[in-house]
Amino acid sequence: QLSCLVKMVTLHGIPKDLESYPKDLLLFLSPSAYAGTGSCVQYFANLGEANLDVLPRDSAQRKELLLEALACLRIPGTQVSEENAQILGPLACDLPGEYIRRSGENLLKHLSQCHSFLPDQEEAIRSVISSGNTTFGPPAAWSALTLKELSGLIPVFDHSILQKIPK
């Protein structure tokens, strides 16, 4: 339905009031098509408010959105800044494990909003958490507040992390 609606809305070009349409429409509109009404950074910031799960995780369209976002934000290599993680929004959930390892805590809070992870992402999250090289510190120093902030990641923690968390 959304794909069909995008075709109707853009029949005569991209409308100037695109901001007034549901954000989920952006999933079916390329950043280059959006360029007439704003920058690609604005497109991905708005896309962050959309329900990314409308597109299956392994769909070509969703993979292409991630590639376009990385290109738009000019992310060098596999390290994502806190600012770019914020702009990526739910697309951060699709970043491969190497991005998580290199970006560390810049992604942790964003990843805690994800519904599921691939095995390489889980391994990378455990690696970052276990290192203790985040503002959260090592698991042995965590408080209830820390656990609340990282609550979406708890299912990924293995026994070696869980046993270090104070009761």
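Rings of Phe, Tyr and Trp (its six-membered ring) count as a pair when their centres lie within 6.5 Å; planes under 30 degrees apart are stacked, over 60 edge-to-face, and the rest tilted. By this rule there are two aromatic pairs. The model is predicted, so local features need pLDDT of at least 70 and side-chain atom pairs pLDDT 80 or more, while totals for chains, interfaces and linings use all residues. Residues are numbered from 1 along each chain as its sequence is written, and side-chain values use heavy atoms, leaving out hydrogens and water.

**Aromatic pairs**
- Trp-142 and Phe-157 form a tilted pair, with 5.6 Å between centres and 45 degrees between planes.
- Trp-142 sits in the loop between helices H8 (119-131) and H9 (144-149), and Phe-157 in the loop between H9 and H10 (159-162), so this pair ties together parts 15 residues apart in sequence.
- Both Trp-142 and Phe-157 are buried (under 20% relative accessible area, 1.4 Å probe, protein chains only).

**Helix H8**
- Helices here are DSSP runs of H or I with at least four residues, numbered from the N terminus.
- Gln-121, Ala-124, Ile-125, Val-128 and Ile-129 are the buried residues listed in H8.
- Viewed down the axis of H8, its buried residues fall within an arc of 130 degrees, so they line one face; the arc is that of the directions from the axis to the C-beta atoms.
- These buried residues pack against H6 (97-103), H7 (105-111) and H10, where contact means heavy atoms within 4.5 Å.
- Just after H8, Gly-132 has a positive phi of about 75 degrees.

Note on methods
Helices (H or I, at least four residues) and strands (E, at least two) are DSSP runs, numbered from the N terminus. Buried means under 20% relative accessible area, exposed over 50%, partly exposed in between (1.4 Å probe, protein chains only).
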